[in-house]
Amino acid sequence: MSPIYRYATAFCPVLITAGCLILSHRWRHRRRREGIAAAIVAKILDIKATQPNNCMAQAFEQSYYDSLPKDKRKRLLACCSSGIANPESCMGCYAMKPEDYDDFYPFFIKALSQYHKIDFTDKKHGVSNWSLAGVEGIPESGILDLSDFDLPVVSMRVRAGRNLNKYPLPGAMKKRDRVDMEKDMRNVFDELIANPAYGGKYVSITPGHECFIDRAEYKEYVDAHIIFKDMSTDPFLVSAGIAGDWPHGRGCYVSEDKEVIIWLGEEDHLRIICMKRGTVLNEVFDRLKTVVDAVERIIDGGCAISGNFGVVTSCPTNSGTAMRASLHMPIPNLTAGGSDAKANEIGRLLGLSVRGVDGEHTPIGHTGIVDISPSARFCISEAEIMAALYKGVRLLKKEEDERARDGPEGSPEALEVGVHTVVASSVGMGLAMVSITAAGVMVGKWTFATALFGCFESKFAAK
Ligand code: ARG
């Protein structure tokens, strides 16, 4: 017997046993994973039955999920994680890769239709367009100057989210990706810093980074609203994986005049923010476009765009233009008594969302200054958003001036009170007149009776 044959027969049972063990381990592992996925799907369907506002759960169809190959099922569930962990979410999902929007079109189109209240059967988000030429309802010059309707100098702000094609979206990034992206973006920041129109500096909270700022300095930046808050305390961002590896790969560029800020590593790879105190909206809008173009030019592969949904953002609420244009507007008369009800009601009619000046989910304070922005980000162009802000503010200013001129009497509530008062006083006057008439009649009757009686009396007396 040859030694090879002897070795082979001796090791054969060992190899077969090892093979069987590996296969059974894999099989059990797969079964366990399938069990977990089925439990997650059951949880989504449960949320679907109980949370009508959770767009993710409402858009989730078991039949669509079942039709997907295994790897895509896993990817779709990853997009749904924040809405599963937070059933009260309004959106409930985040994209994890730039291509998720188009790869899971039937799911995202449903979620977006519900959130944006748009019927997409004959609508699509068009290509990006920053040109104000020919946009309806704005001055022919294209200059959106708020002083045209006597608005004082206000704080104007426009921001755009962007995600680089090179990397997965923040929810699926590895620590390495986050750190590499920060390195790549240094090329953009360095170019801006070298340009006297921007200047400024980059600060990082990545441990060991050459531009590292410590905890105390970071807090100063947060308090000054320059950098974003600690993401690891946000339940939506944590459950979506977007807050992962905090604070690695996080930082922010600030221009010399502090009017251009670029957040790195928050909900989107980049949030580019341009702000200024002034009245000409074009100043912030044009600057934003220049910075977005610089990113596109300097970074390999540029920024992610979906054929169906426009600019790719982590959160579908921002997709389309990913742009939010706002300003802080004093409307003390429409917010009299610290109530935002009237401002919200009018804002809704004008397509504006009205919120507190301290950001998302902040209350409207007693200062009478509110943050106004066009609600639409989708199926609208960048230029149209700016025009919508300009036109919306003009109408809101008119409402505010009317309320100021007419005082509380001019308001619908006052009108209602007025109507009640008139009705009440008319009823009162009516009642008073009836009483007077009745009394008069009674007095009259009494006088008449007395006279008659007197007459009889005198007649009898005469008799
Ligand atoms: N993920 C949250 C939800 O689904 C917030 C959505 C909008 N806000 C945002 N920062 N993207 O309710």
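Residues are numbered from 1 along each chain as its sequence is written. In this predicted model, local features need pLDDT of at least 70 and side-chain atom pairs count only at pLDDT 80 or more, while totals for chains, interfaces and linings use all residues, and side-chain values use heavy atoms, without hydrogens and water.

Q: In what order do the 8 strands of the open sheet stand?
A: Strands are DSSP runs (E, at least two residues; helices are H or I, at least four), numbered from the N terminus. Two of them pair if DSSP finds at least two bridges between them. The pairing here is antiparallel, and the order is β2-β3-β4-β5-β1-β8-β10-β9.

Q: Which are the edge strands?
A: An edge strand of this sheet pairs on one side only. The two are β2 (201–204) and β9 (352–355).

Q: Which residue in β8 does R159 stand opposite?
A: Strand β1 (residues 154–162) pairs with β8 (residues 323–330) in the antiparallel sense over 5 bridges. Opposite R159 stands R324.

Q: Which helix supplies the largest share of the lining of the second largest pocket?
A: At least two lining residues each come from α1 (3–50), α3 (62–67) and α4 (70–85). The largest share, 8 residues, comes from α1.
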